Amino acid sequence: MKPRWIPRCGIVFFALALLYPLTGLFSRVGPWRWDGAVANPTLSSIRVSLLWTGAAMLIVLLVGTPVAVYVARAAAKERLWWQSILILSILLPPLALGILLSMAFGPAGWIGRWLDQVGIRLSNNAAAFVLTQVYVSIGYYILGAIAAFGSIPPMLEKQAALLGHPPWRVFWRVSFPLARLGLAVAFSIAWVRALGEFGAVVVTAYYPSGMPVQLWVNLQSFGLPAVMPLLLVFLVTALPLPWVAHLLAQRRPHA
Amino acid sequence: MLDAQIFKRRRDLTIEVHLKIETGGSLGLFGASGAGKSTVLSCIAGIEQPDRGDIRFNGVQLFPPPLPLHLRPVGYLTQEPHLFPHLTVSRNIAFGLDRMPTRSENGWLADLCTSLRLEDVWNAPAARISGGQARRVALARMLARRPPLVLLDEPFAGLDRQLVRELIEGLLAWKDNLGFIMIVVDHQAHILERLSSHVAVLEQGRVIQQGEWEQVRAAPATDLLRKLLAPL
């Protein structure tokens, strides 16, 4: 029998290396700065991020779930088409996506021109912030949700229907409970993706600044001591949801 | 009464059958693997759609147009039990009842539970019971709604003889009590014979012989059927 301690030491070393960047939180950067010039915009950025990312996630959930159900139940060829479009949306580099969004929804774009005429501007405001968050995260949610719904044997849903349940009740009583952990993982990945988005948001919605943009502003304007409090809040708000969702998803379902 | 004309083209087979069963009657669908028996059942259940045809049951048009699954008066037991793994056995069985079971429904469910020997697993998660138990739970779930049309696709595959004997006796008793029409697919003639005195033999998607079992056994229409009926 091969000694188990050699690979175990290797994986411990790898895990330590992976977690090593977190030790940065304990670096000596001098006393953390939390005066009015830092505190007010920092608190505002936390409010903006949580509120408007929450709104974006609601849209992602309401739009993405029915799309995922449709794609998961589509024939293999059709499913491949839709998935390739979704993958394209998540492969776009964030900065490029931000530039494209500002052009498409700005006065020069088709929809942007029309919105401009009715007095709606999608630049440097909450609507632009939410729109960008939706674009950067919805592909992640839908792809995860497709996998979650796709793992349910279609015959289970058909049996539920044959037992007298209309489609919405089949979804609520069979599809959703069986897909819920996969959906939670997909949702949390979308959440962390949207909350941490910098490249696209910095182009479309520099104001109102969310946490990532404010981190950048604090770093540029005041240096590391002004970054640390927000960095801590950022990690505390972004990490627990996906972390717990992943841990739950690792449990054997229904065991 | 069930009147089903089904035409369905598959890659390797064209199915063209016409079945008629009187209220309270039963029919065994017999034939070799790949003859199209399960597809016929699946078309009547509504899981698959025929390319053309006409399926009517007690005045209700099942096809065309395809009646949505939840409106079909059909109980369909497939080869796999397809239990809802996130629910307990009792919740699986009561799944087709619209609301909380009434006292009389509770009595009916208790009767099913006792007859199918499910008392020990009544509150167990469906994902944790054995294959034989799952099969019995699926049967109880289907019967709990008292469907007027019961479709059974190899309902006893992989079960031990004693259990099969008990389930057949149970099914026949419930059929007498509830008066449902029953169609059973199986490739074991002795099982079909116990469940239904009438048989329709399918070969290459077509009914090649239909009638009482004695008639079919006495004069099988094809060599293949003769071989299928011959003892091992």
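A: B:Arg117 is partly exposed, with 14 other C-beta atoms within 10 Å; a residue counts as buried with 20 or more other C-beta atoms within 10 Å of its own, as exposed with 12 or fewer, and as partly exposed in between, the C-beta atoms being placed from the backbone. The model is predicted, so local features need pLDDT of at least 70 and side-chain atom pairs count only at pLDDT 80 or more, whereas totals for chains, interfaces and linings use all residues. Residues are numbered from 1 along each chain as its sequence is written, while chains are lettered from A and ligands numbered from 1 in the order in which they are written.

B:Arg117 is not a glycine, yet its phi is positive, at about 55°. The residue sits in the loop between α3 (103–115) and α4 (131–144) of chain B; helices (H or I, at least four residues) and strands (E, at least two) are DSSP runs, numbered from the N terminus. B:Arg146 likewise has a positive phi of about 55° without being a glycine. Its place is the loop between α4 and β7 (149–153) of chain B, and with 18 C-beta neighbours inside 10 Å B:Arg146 counts as partly exposed.

A cis peptide bond also occurs in chain B, from B:Phe63 to B:Pro64, with omega near -15°. B:Pro64 lies in the loop between β5 (60–63) and β6 (74–77) of chain B. As background, most residues other than glycine have a negative phi, and most peptide bonds are trans.

β7(B) runs parallel to β6(B), to which four bridges join it; two strands pair if DSSP finds at least two bridges between them. In this pairing, B:Tyr76 has B:Leu151 as its bridge partner in β7(B). Five bridges link β7(B) to the parallel strand β8 (residues 181–185) of chain B, where B:Val185 is the bridge partner of B:Asp153.

At the level of the whole chain, chain B is divided into domain 1 (2–73 + 148–229) and domain 2 (87–146), with bounds from an automatic or database domain assignment. The centres of the two domains, taken over C-alpha atoms, are 25 Å apart. Eight residues from domain 1 of chain B and eight residues from domain 2 of chain B take part in their contact, where two residues are in contact if their C-beta atoms, placed from the backbone, lie within 7 Å. The side of domain 1 that touches domain 2 comprises six nonpolar, two polar and no charged residues; Ala, Val, Leu, Ile, Met, Phe, Trp, Tyr, Cys and Pro count as nonpolar, Asp, Glu, Lys and Arg as charged, and the others, Gly among them, as polar.
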